[in-house]
Amino acid sequence: MAKPGYRLALVATLLAVVVVLLGAYTRLTHAGLGCPDWPGCYGFLAVPMSEQAQSLAALRFPDAPVEVHKGWNEMVHRYFAGALGLVILTLAVQALRRRSQPGQPVKLPLVLLAVVITQAAFGMWTVTLQLWPQVVTAHLLGGFTTLSLLFLLTLRLSGASPALRAVPARIRGLAMLGLLAVVIQVALGGWVSSNYAAVACTDFPTCHGEWWPEMDFANAFNLTHHDIGPNYLGGLLFGEARTAIHFTHRLGALTVTMLLLVLSGQLWRNGMPRLAGLLLAALALQVGLGISNVLLNLPLAVAVAHNGGGALLLLVLVLINYRLHTSREAAVAPAPRAHPTPDTIGGLDLPRA
């Protein structure tokens, strides 16, 4: 039976999916600086539409001419993110009020509130630091973290009690390793996006017609090399550095694929075919979308779907780890002690009269 707060947590999880997709859409339409200020837009609560409002916006930000469509892309994302923050705040308040109830998570909603506050700060810095790649990547990771924690909270509040069985420690370790690998791959994807390296290689499986093209790893992953101040819209790295970022993301995808294939096989052999099938489906979808991005030259719909596919794969790994963790808890939980009856004292059977 679902616990109090389950429905709100489920709504928050779905809302977080929308926010993640809107964030991807904003980046891919180059609308990250559609509003040069934060949290408003050219000093207004919405994108300035009238001639008078746009004239005032030009006076306030002479170096950032108004582009209405980019402004609305950015503001819609902010509106949904703000709504998500309010829902998470409500979850945290409700958790504190219900903290005395059995099985009510308290720490997780509070962690979520801290994460979403941090996310708001990174959203502001994304604009004020003009798409500095380090901040943009951290902001993307924060969005995926928020989504994952909300999904975990939803699972804990769902009250679902699936059939459990003992799970070998090696499978639990492999599942955790798979989750970590996907998180690293998401971070690499964020670095690809923030440095505009998605089309650095336009062929597949080779890159520029070579299996190992010329690459500049030193500049590609030198986090101290990027300076605060310049506008990073469009990226500032040269071709060899962008190729190195893109190619590393491909190598990461290959590593993740091999690891998750092994994990799915282990899940199947140990009586969890549904989890194995779900993992294989999410993995196949993400790999197919990634290859399509390259061969089709990053079409907007496919690129946004690739971000959604990454989120889906991450959530599947969260689900698998949650199920394996609850299976382990059930396996090691002590059996309930029987209460003495008139016929038993100290666990010894007494003869009946």
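Visitor: What makes α8 roughly antiparallel to α9?
Guide: In this predicted model, α8 and α9 pack at an angle of about 160 degrees, with their axes 9 Å apart. Axes are lines fitted to C-alpha atoms, for helices over the stretch in contact, and angles run from 0 to 180 degrees between N-to-C directions. Angles under 35 degrees count as roughly parallel, over 145 as roughly antiparallel, 65 to 115 as roughly perpendicular, and the rest as oblique. The angle here is about 160 degrees, so α8 is roughly antiparallel to α9.

Visitor: How do you know which residues make the contact of α8 and α9?
Guide: Contact means heavy atoms within 4.5 Å. From α8, the residues include His246, Arg250, Leu260 and Trp268. From α9, they include Pro273, Leu279, Leu283 and Val294. By class, the contact has 13 nonpolar, 3 polar and 1 charged residues. Nonpolar covers Ala, Val, Leu, Ile, Met, Phe, Trp, Tyr, Cys and Pro; charged covers Asp, Glu, Lys and Arg; the others, Gly among them, are polar.

Visitor: Which hand does each crossing have, that of α5 and α6 and that of α8 and α9?
Guide: The crossing of α5 and α6 is right-handed. The crossing of α8 and α9 is left-handed. Left-handed means that the near helix is turned anticlockwise from the far one by less than a right angle; right-handed means clockwise.

Visitor: Which residues of α5 meet α6?
Guide: Pro133, Gln134, Val136, Thr137, Leu140, Leu141 and Phe144 do. Their partners in α6 include Val183, Gly190 and Trp191. This contact divides into 9 nonpolar, 4 polar and no charged residues.

Visitor: What makes a space a pocket or a cavity?
Guide: The test uses a 1 Å grid over the protein atoms alone. In a cavity, a 1.4 Å probe fits but cannot get out. A pocket is an open set of points with protein on both sides within 12 Å along at least five of seven lines. Lining residues have an atom within 4 Å of a point.

Visitor: What volume does the largest pocket have, and which residues are closest to its centre?
Guide: The volume is about 1200 Å³. A volume is the space filled by probe spheres set on the points, which are joined across faces, edges and corners. Gln185, His249, Gly290, Asn293 and His306 are the closest to the centre, out of 42 lining residues. α8 gives the largest share, 9 residues.

Visitor: Which element gives the largest share of the second largest pocket's lining?
Guide: α3 does, with 11 residues. The second largest pocket holds about 960 Å³. Its lining has 25 nonpolar, 17 polar and 3 charged residues.

Visitor: How many cavities of 30 Å³ or more are there?
Guide: The structure holds 1. About 40 Å³ of space lies in the largest cavity. Its lining includes Pro4, Leu91, Arg98 and Leu157.

Visitor: How do you know what the names and numbers refer to?
Guide: Residues are numbered from 1 along each chain as its sequence is written, and side-chain values use heavy atoms, without hydrogens and water. Local features need pLDDT of at least 70, side-chain atom pairs count only at pLDDT 80 or more, and totals for chains, interfaces and linings use all residues. Helices (H or I, at least four residues) are DSSP runs, numbered from the N terminus.

Terms used: Helices (H or I, at least four residues) and strands (E, at least two) are DSSP runs, numbered from the N terminus.
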